[in-house]
Amino acid sequence: MKIVVIGGSGLIGSRVVGRLRQGGHDVVAASPSTGVNTVSGDGLPEAMEGTEVVVDVANSPSFDSAVAWDFFFNSGHNLFAAENAAGVRHHIALSVVGTEQLLDSGYFRAKLLQEQLVQESGLPYTILRATQFFEFINGIAGFSTADQVVRLPPALAQPVAADDVAETLAQIALRAPANGTVELAGPEPYRLSDVVGRVLAVNHDERLVIADRQAGYFGVHIGERTLVPAGEHPYIGTISLDEWLARSRVAAA
């Protein structure tokens, strides 16, 4: 089966490509570096020839509201025109748990637009909403740091490893379209401030993490359960925080 992975050279995409190729599938790692640009449309018709499944894990190059909106709008319209013309049978998009509760952020408004375009595309589809990745915890800390103090709300979070995200996407690619949204989370819930503090401590990062109910998450005030799955039966990853931290230490060594 021919599968195109949009954003196939990135953190998640490269992992999805590897898993699907190991399964014997004809996989195209589509990105500007391989001549496929969803924003301009360059290379899309050629990439889609004979394609049955598209996995879209590409992300905006910036969290800026206008940049993100233009990226998902243009990318979506170009992708769906090419996919419909080629007769693609399943479009899979990676999104974020809690998107509809984060709309004070222009980036998350753009992510919701992406979901709406998928739903209106006329293509059979599955949207996978994942919780935040372990790999992005340092980025969360960086956004919330001022004067070596990290202020974060003590809301529940259930972060997941990038490898679990890729494995779930690879499995979905081989299944029938859900024509709806499914969710993925890591195996354990934490307080956001606690998990960020733990990762920084393991990395010998001396920034002080403070649980502050008035603090925002990427500038957005969130509820107790904004960052955890809302549905009753989400996919659950297998890689724990302890295992991920151990793997990270080995890789760094």
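Predicted model: local features only at pLDDT ≥ 70, side-chain atom pairs only at ≥ 80, totals over all residues.
Student: At what angle do the axes of helix H1 and helix H6 cross?

Tutor: The axes of H1 (residues 13–22) and H6 (residues 162–173) cross at roughly 50 degrees and come within 8 Å. H1 and H6 are therefore oblique to each other. The crossing of H1 past H6 is right-handed.

Student: Which residues of H1 and H6 meet?

Tutor: From H1, the residues are Arg15, Val16, Arg19 and Leu20. On the H6 side they are Ala162, Asp163, Ala166, Glu167, Leu169, Ala170 and Ala173. By class, this contact of H1 with H6 has 7 nonpolar, no polar and 4 charged residues.

Student: Now the spaces. What is the difference between a pocket and a cavity?

Tutor: A pocket is an open set of points, while in a cavity a 1.4 Å probe fits but cannot get out. In this model the largest pocket holds about 700 Å³ of space. Its lining has 36 residues, and Val57, Ala58, Asn59, Tyr107 and Phe136 are the closest to the centre.

Student: How many cavities of 30 Å³ or more does the count give?

Tutor: The count comes to 2. The largest cavity has a volume of about 110 Å³. Of its 14 lining residues, Thr131, Gln132, Ala157, Tyr217 and Leu227 are the closest to the centre. H5 and helix H7 (192–202) are the elements that give two or more residues to this lining. The classes in the lining of the largest cavity are 11 nonpolar, 3 polar and no charged.

Student: And the second largest cavity: what is its volume, and which residues lie nearest its centre?

Tutor: The second largest cavity has about 70 Å³ of space. There are 13 residues in its lining, with Asp56, Phe72, Ser75, Gly76 and Gln114 nearest the centre. Helix H3 (65–86), E4 and H4 give two or more residues to this lining.

Student: Which element gives the largest share of the lining of the second largest cavity?

Tutor: H3 does, with 6 residues. By class, the lining of the second largest cavity has 8 nonpolar, 4 polar and 1 charged.

Key:
Residues numbered from 1 in each chain as written. Heavy atoms only, no water. Axes fitted to C-alpha atoms, helices over the stretch in contact; angles between N-to-C directions. Helix = DSSP H or I, 4+ residues; strand = E, 2+ residues; numbered from the N terminus. Parallel < 35°, antiparallel > 145°, perpendicular 65-115°, else oblique. Left-handed = near helix turned anticlockwise from the far one by under 90°. Contact = heavy atoms within 4.5 Å. Nonpolar A, V, L, I, M, F, W, Y, C, P; charged D, E, K, R; others polar. 1 Å grid on protein atoms, 1.4 Å probe; cavity = no way out; pocket = protein on both sides within 12 Å on 5 of 7 lines; lining within 4 Å. Points joined across faces, edges and corners; volume = space filled by probe spheres on them.
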